[in-house]
Each structure stands twice: as structure tokens, then as C-alpha cells.
Amino acid sequence: MGVNSHRVEDFSCHETSLRITTEAVMPPMEIHSVCLPPQQTTLQKLKLRLGEIFFPDDPLYRFKNQTLRKKLLLGLQFLFPIFQWGPQYSLRLFRSDIISGLTIASLAIPQGISYAKLANLPPIVGLYSSFVPPLIYSILGSSRHLGVGPVSIASLVMGSMLSEAVSPTEDQILYLKLAFTATFFAGVFQASLGLLRLGFVIDFLSKATLVGFMAGAAIIVSLQQLKGLLGIVHFTSKMQFVPVMSSVFNNRDEWSWQTIVIGFSFLVFLLTTRHISMKNPKLFWVSAAAPLTSVIISTLLVFCLKSKIHQVSIIGHLPKGLNPPSANMLYFNGSYLEVAIKTGIVTGILSLTEGIAVGRTFAALKNYQVDGNKEMMAIGFMNIAGSCSSCYVTTGSFSRSAVNYNAGAQTAVSNIVMASAVLVTLLFLMPLFYYTPNVILAAIIITAVIGLIDYQAAYQLWKVDKLDFLACLSSFFGVLFISVPLGLAIAVGVSVFKILLHVTRPNTVVMGNIPGTHIYQSLSRYREALRVPSFLILAVESPIYFANSTYLQERILRWVREEEEMIKANNGNALKCIILDMTAVTAIDTSGIELVCELRKIMEKRSLQLVLANPVGSVMEKLHQSKVLESFGLNGLYLTVGEAIADISAVWKSQP
């Protein structure tokens, strides 16, 4: 007779070892008891659970067993990463950082002006945003290669969301106030996520969502730049495909052939340099220097031919000097406060997602770690500071970071060098941009955002996961035809629906034995796996919650019915036992426990035995505390499927 194993033992039973054999004829199997996890108080469980949720990386492990002086130093380094690498900084590192800093400055200056126009802000605000935030990040940030500044996606979203409420041309002051206020709330939101260690919130923006969102946004941004490329004066402020294209063709009489020639000539030049750098990464400096080169050449061209090409619009006067304070412009009461908060949260999430993703990408290339929570705090605090110094939303830019990395940056000092170059520009070089044509800014924006269209990633989504591809398409068409925020909301909704679908409709499989082993695997996956006569082995591959308990009951009963019908059709051995493999059931709630009780009662009425195999610690503890295991009686709980079959079969053989 087999050894009965329904008992619940103390934690000490983990010392029992399993015997593994590769012999063709399997020896009698040792039957093990299923153990409860170590006993813990409710407070201990809560502390452990909260620690797993909010502190998975155990950030305070460095402080253990340290002297007070050492703890203070570690605390300073923890809050300000510059104190980690600062003491070891050398002239050799500075040589690399100054080259990379000047290189990204050549990209940051034209990008700052262009992205500010994209956000419907004065061009000078883009340069302001390339001065203060990089300085803040160099002190607080943990990435060595992140190039900080305005980015296309955040600029586009801010411009589209604010312009729906306030006209950037008719009410410039109010629009500027809302932009600074949205930046403030973006920073508060980002810093709060870092301080409260709630970074998992941004995980709801899946890769599929972002691929579709960025592609749709890139197309909308590119079409919006037709205003500058064609020289159109009166253009729609809407950000949807149909209004933009209607505006382009309804204003054909405003097209300027001089603007078109200049714009498309430099667009071809910028795209060519981008292609060269993509084909040969060593020539990264070609595309990095192309925007500033285009600005210089086009400015000289317009200045020399200003009497002949007077139809080409120019930037005009840009004020010299450092960032003026803007704390007094923050808009904290009034009818537009809700718009500012909503814009801040949306742009904050998007910029945070891009900044952390870019930082981790380049950290992986150099084999060092970027602390996500520190990055959230650094990006958040630099946006809070930026909102008080005439800056709008900034984050880690992929294009700047790529140039920074390829130029040989070693530390965040490259951001300080870039900010210093922008400072010189703000103080002394602003009059030189007077004759810079707006069309060149449009060409720079198109070149920058066209790289956001990742058709290869979309094709990969289609091959791997159709639901992810649906989320991608929802995001893409939502941005293209509805609006940027609603398109993003639709995509997030599809992603959440996918999560709910997996939770409410978990996978269940029928398992069989691989001959000559004690291994049991899915019959549909392994052709060599065989059914065990009189047994139906089912595996549930998800937690059992209130949301899926009804479905699981219906699905398990269907498996039983189909098994009985198949046995009857093939004249096989009658079904006697259902084994529920709970290896993949990581959690269970009260509804799940009720499901187990109900299944046992239903099987008992049908003269079938229900057996549980290998419930994990937390599940085992809840089953034990609810007294459910008592109702299973003898031979109701086993450590493995193999032991359950061996022991129950032995019991059957011993019976008359």
C-alpha cells in the first residue's frame, strides 16, 4: 500500500531530498509530504509584501553593518550620484566629456529651437530648456550617457493638448503660463513616482503601445511641418490627419517656391547624412553636425539673398541673456488648471518612459546599472526647476544620447559642457539666428521624428503577438485620426484589456507522462507524452482569483466531460481521479478557495476523486487556514503529480 501524504508538515520537512533516476524501469517512488511555509505574523507578511512591491532591489543593503560616518557618505552618494564618480574624476575623462559635450551642443541648439516651435512655444524657450535641466540632471542622474533636453514626443503632445484649449498665437502669455505649469506638474508627478517607488505605473505603456503611438505621432508631426516646408501662412492648429491635409491643399495659393526649394534641399541633405551615420556608426558625427551646419548655411543664404527671397519666413529677434525666472507665471487657479495638470501628467509619463528606456539602453552597452527610481527623481526635479526658469518638459533624448555615447562620453559632465555651450549661445550668439529660416527648423524636425517610425518592430509584433499588434494599430490610428491623448488612451485601454483577458481567461492544459520518466507535460505540446489510464491531469497556469474562478470551474468540468466521452468512445479505463497541478498557481483568494471546495463536491457526486499537486507556499497556507484540506481526506494532497499517481495507483491495487 502506498504511503499516505495528505499531511501538512512543519517547515523542517524541506530537508527531505528527492531521488532522481534514469533507469528504464522506474524504482518505487518515495512519497513526500507537502509543507507549509514558515509561520509569520500578519505584520511580517505585510512588511515582506510591501518590500517586494516597492523595494525589489533592496536599496538600503549598502547601509548594513556600516559606521555612522560611512552611512552619511553613502546617503550623500545615494541622493547625489555625482559624489560616487566625482572623487575619481580625471583629466583623461574630462577630455572625452568635453568632446562629446560640444558635439551634442551642436545638435542641441538647433533641436531646442525646432522642438520649441513644435510645442508652439517661442524658440528661445527651447534653448532655455537645454541649459538648466542638464545641469540639474548631471548632479542627480545615475546615467553616464543620457543627453538631456527637449524631445519631439513630449513637445508634440504638449503643443497638441494645450493648443486645443488656448490659442498659442492669440493668447501667447496664457499659453506660456500653461506650458510652464504643465512642466511643473510633470516634474511633481515624475519625482513622486520616484520617491514613492511607484515606477511600475509607467509599465502600462507597453512596447506595442509606444511603437504605434510614436509612429502615428511622427507622421502627424511630419505633416504639420508642411506648413514650414511649403511656406503656408494660414494653417490649421489641429493635429489630426484629415484637417492637416485639408489645410495643405486648401491653401495652395500660399505655397512659396523659394521656401519649397530651400526646405526640400536641406531635407534631402539631412536625410542623407542620417542614412550615412546609420550605415556606418563610426560616422555618427556626420548626422550630429548636420542640423547646425544646415542652420548656418541656410541663415547665410537667406541673409545674402534677403532682397530676392523675401517670401521666406525667418525666426527674427531672439532675446539674449540667461533664463528669466518663471515661478511667478505658474498657473495654479483658474479654468485652465485642469488642462495644465492633464497635459503635465501625460507628457510626464511619456518623457519618463523615454528617458528611462534610453538610459537603460546605453547603460546595458557599457555594463553598468541605471537606478529607475533615481532617474524618476532626477528627471522630476529638473522639470520642477525648469518650470521656474522658463523651461518646458525635458527628458533624456535618444538622438542626443546616441551622439553622446558615440562621441565617447564617460560621465554626466558632458551635459555640463553642453549646457555651457548653450550658455555662451544665449549670452553672445543669439543675434546670429535672426535670419534663420523657419523652413530649416521644419526640415530638422522631420528628420528627427522620421526615425520614430519603427516598421520592423510593428512587423515583429504581428509575428509574435496579434493582441500586441492590435494595441499598436489602435495607438497608431487613434493618434492619426482622433487625437494624440485619446490615441494613447485607446492603446492603453487595449493593453489593459489584454491583461484582463489573461487574468479572466487563464490557460489550462491536459498533461500526460513522458515514458520512462516521472515528468508530466502538456499532451498538446509533447507528442511523446501519454495519458495515464483512469487519471485526468490538469494544470492551471495562473493565479486563481474571483475574476477567473467561474471560468476555471466551467473549463475544468468541460475537460472532465470531454475526457469521459473520449474514454467511452475508445472503450478505455473508466475515469476515477482528477489531479489538479497547482505548480503555476502563484496566488489564490477566497473565491479561488471556494472554487476548490465546489470542484471537490462536484467530483464526489460523480464518484471521482479530486487531488491537488504541489501548491506553492502562499496558496498552501491559505488552503490550510481555510480548513479546505480537511475535506480532501486521505490521498488528497501531493508534492508532485508523479507521486500522486504512484500512491493512488498503489491504493487502488490494494483494494479488493
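In this predicted model, the centres of domain 1 and domain 2, taken over C-alpha atoms, are separated by 55 Å. Domain 1 spans 91–498 and domain 2 spans 506–654, with bounds that come from an automatic or database domain assignment. Residues are numbered from 1 along each chain as its sequence is written. Because the model is predicted, local features need pLDDT of at least 70 and side-chain atom pairs count only at pLDDT 80 or more, whereas totals for chains, interfaces and linings use all residues.

Helix α9 (residues 207–224) packs against helix α20 (residues 466–481) at an angle of about 25 degrees, and their axes lie 7 Å apart; axes are lines fitted to C-alpha atoms, for helices over the stretch in contact, and angles run from 0 to 180 degrees between N-to-C directions. The two helices are therefore roughly parallel (angles under 35 degrees count as roughly parallel, over 145 as roughly antiparallel, 65 to 115 as roughly perpendicular and the rest as oblique). The crossing of α9 and α20 is right-handed, a term applied if the near helix is turned clockwise from the far one by less than a right angle, anticlockwise being left-handed. Contact (heavy atoms within 4.5 Å) involves, among others, V211, F213, I219 and I220 of α9 and D468, C472, F476 and L480 of α20. By class, this contact has 12 nonpolar, four polar and one charged residue, where Ala, Val, Leu, Ile, Met, Phe, Trp, Tyr, Cys and Pro count as nonpolar, Asp, Glu, Lys and Arg as charged, and the others, Gly among them, as polar.

Helix α7 (residues 152–163) and helix α8 (residues 172–195) have axes that come within 11 Å and cross at roughly 130 degrees. These helices are therefore oblique to each other, and their crossing is right-handed. On α7 the contact is made by M158, G159, L162 and S163, and on α8 by Y175, L178, A179, A182 and T183. Six of the contact residues are nonpolar and three are polar, with no charged residue.

For helix α14 (residues 337–365) and helix α15 (residues 372–387), the axes come within 10 Å and cross at roughly 130 degrees. The pair is therefore oblique, and α14 passes α15 in a right-handed crossing. L352, G355, I356 and R360 of α14 meet G372, E375, M376 and I379 of α15. Four residues of this contact are nonpolar, two are polar and two are charged.

An open sheet of mixed pairing is formed by six strands in the order β6-β5-β7-β8-β9-β10, pairing being assigned if DSSP finds at least two bridges between two strands. Strands β6 (520–522) and β10 (637–638) are the edge strands, each pairing on one side only. Within the sheet, β8 (residues 577–581) and β9 (residues 609–613) pair in the parallel sense over five bridges, and D581 stands opposite A613 in β9. Helix α23 (residues 590–605) packs on the sheet and touches both β8 and β9. The direction of α23 makes about 145 degrees with that of β9.

Conventions: Side-chain values use heavy atoms; hydrogens and water are left out. Helices (H or I, at least four residues) and strands (E, at least two) are DSSP runs, numbered from the N terminus.
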